[in-house]
Amino acid sequence: MSTSTISLKTFLAAARDALAAPPAKRSLPLTFVVGNESADIDSLCSAVVLAYLRSHIAPQRLHIPLSNLPREDLALRIELGPVLAKADLDASDLITLSELPQQLDPKETQWVLVDHNALTGDLKKYESRVVGCIDHHVDEGTVNTQAMPRVIETCGSCMSLVVDTYADAWRNLAHGEQSAIVTKNISKDLTQLAQVALAPIIIDTINLTADAKVRPKDTSSAKLLESELMDDAEFDAKAYYDDITEAKENLSSLSLRDILRKDYKEWEDGGIKLGISCVVQNFDFLLEKARSGQEALVQEMQSWAQEQKLDIASVMTTSNPGGEFQRHLLVWGLTDASKKAVKRFRDDATSKLKLEEWNSGTLDEEGSRYAWRQLALDSSRKQVAPLLRDAMKWAGANL
């Protein structure tokens with residue numbers, strides 16, 4: 001393996017050129033590394049870093065990092081600003097679904113999944129071409145057991161699994177074949193790559209302070225990146241975390257629709273379609289954003305559900321009012337079958353998620369829509385979605 005490094009900007013340009021080449025001149029199969037459809041900072045950064053590492057390990061096979069969203073939606077990922085700046089990148093350097101050729105034969109492709117383990121939406125047609133996966137969600141059982149790598153385990157950040165899986169590759173890039181660290185002469189390119197890798201780890205674990213989320217590989221991966229791969233005495237991880245968090249939580253320029261679609265994922269089980277929007281502000285903020293209050297917010301959520309053809313619309317929030325970390329959860333069944341699923345979810349999950357009625361039922365509609373304060377703070381969308389999906393499967397089987 002070559003130990004030389006190139007900048008992320010140069011790497012992304014090469015990947016873009018490979019994708020844009022005329023069909024007759026493409027080096028096949030085109031190999032993509034793609035994150036999940038919510039395209040949060042963990043998915044976006046993990047795809048870029050993993051593609052970079054695998055391209056260096058096997059230089060004869062360029063891996064193309066694909067951001068799993070249309071080009072126009074990148075503007076919603078405002079938290080990417082401080083991360084891209086660390087690597088002298090702009091959003092325009094990233095490759096999105098908008099650049100994916102429309103008529104691309106699955107047989108001419110290979111796919112490595114990161115931060116999810118089942119292709120969805122328009123990419124589902126490529127699921128038979130998945131050759132590798134690194135993920136920290138519930139195993140959907142769709143990735144072949146022969147995939148290399150096939151790493152699916154609980155971790156605060158998927159990026160931590162990427163760093164851990166390729167720890168030797170990181171060290172070889174920095175120090176050649178030497179197993180011990182004998183110099184701190186780290187290239188600028190590798191330092192930038194390490195800082196991009198560190199971003200989702202510290203964001204997803206609240207700078208490694210969220211005890212319920214942090215796993216040993218989060219801690220060890222952050223240590224590897226900071227202590228062995230950054231030749232920058234002035235780097236301040238806490239300041240970096242604060243910059244990204246400030247950008248992430250500043251939703252003032254976004255409409256309610258943009259807020260609902262910014263970090264959004266959907267599933268279908270039992271003939272029922274579920275969509276969950278994650279928002280980094282609480283219901284009080286959303287009501288204030290709606291200006292006209294409850295009615296306007298409910299109407300906006302209904303419009304979003306209709307646009308996505310949802311049977312169940314859900315909103316999960318995280319916020320820190322007065323320095324106290326809180327979660328809110330809203331679940332809304334819009335059809336008869338989905339209302340049964342919502343009732344089942346309420347019966348099954350109230351105790352598990354420690355759900356308490358939010359604001360005296362201001363946003364509730366008996367039998368269909370419920371808003372709660374969720375006191376089980378360690379349960380994010382990764383834990384809530386499977387509970388909802390189980391209720392959907394039950395409702396679909398009991399129509």
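Predicted model: local features only at pLDDT ≥ 70, side-chain atom pairs only at ≥ 80, totals over all residues.

Mentor: Let me begin with what lies over one helix: the cover on the buried residues of α12 includes β7, β8, β9, β10, β11 and α13 (381-397). Contact here means heavy atoms within 4.5 Å, and buried means under 20% relative accessible area, with exposed over 50% and partly exposed in between (1.4 Å probe, protein chains only).

Trainee: OK, back to α12. Which of its residues are buried?

Mentor: The buried residues of α12 are Ala337, Ser338, Ala341, Val342, Phe345 and Ala349.

Trainee: Where does α12 bend?

Mentor: The bend in α12 is at Arg346 and amounts to about 30°, taken as the angle between axes fitted to the seven residues ending there and the seven starting there. The end C-alpha atoms of α12 (residues 336-352) are 25 Å apart, which agrees with the 24 Å that its 17 residues should span at 1.5 Å a residue; the expected span is 1.5 Å times one less than the number of residues.

Trainee: What comes after α12?

Mentor: Lys354 follows α12, and its phi is positive, near 55°.

Trainee: You listed several strands as cover. What order do the six strands of the open sheet take?

Mentor: The order is β6-β7-β8-β9-β11-β10, in an open sheet with mixed pairing, where two strands pair if DSSP finds at least two bridges between them. At the edges stand β6 (264-269) and β10 (355-357), each with a single partner strand, so one side of each has no neighbour in the sheet. From one strand to the next, the twist averages 25°; for such angles, axes are lines fitted to C-alpha atoms, for helices over the stretch in contact, and angles run from 0 to 180 degrees between N-to-C directions.

Trainee: How is β10 joined to β11?

Mentor: Three bridges join β10 to β11 (residues 369-374), and the two strands run antiparallel. Within that pairing, Leu355 has Gln374 in β11 as its bridge partner.

Trainee: Which helix lies across β6, β7, β8, β9 and β11?

Mentor: That is α11 (residues 294-307), which runs at about 60° to β9.

Trainee: Changing topic, what about the five-stranded open sheet?

Mentor: Its order is β2-β1-β3-β4-β5, and the pairing is parallel. β2 (63-66) and β5 (150-152) stand at the edges with a single partner strand each, so one side of each is left without a neighbour in the sheet.

Trainee: How many of β1's residues are buried?

Mentor: Five of its five residues are buried, with Leu30, Phe32 and Val34 on one side and Thr31 and Val33 on the other. β1 (residues 30-34) runs parallel to β3 (residues 109-114), joined by five bridges, and Val33 stands opposite Val112 in β3. β1 also pairs with β2 in the parallel sense over four bridges, and the bridge partner of Val34 in β2 is Leu66.

Trainee: Which helices lie across these strands?

Mentor: Among them, α1 (residues 8-20) lies across β1 and β2, running at about 95° to β2, while α4 (residues 158-165) lies across β3, β4 (130-135) and β5, running at about 115° to β4.

Trainee: Is Val130 buried or exposed?

Mentor: Val130, which lies in strand β4, is buried, with a relative accessible area of 14%. Leaving aside neighbours within four places in sequence, Val130 is in contact with Trp111, Leu113, Leu119 and Val143.

Trainee: How far apart are the C-alpha atoms of Val130 and Ala349?

Mentor: They are separated by 33 Å, with the two residues 219 apart along the chain.

Definitions and conventions: Residues numbered from 1 in each chain as written. Heavy atoms only, no water.
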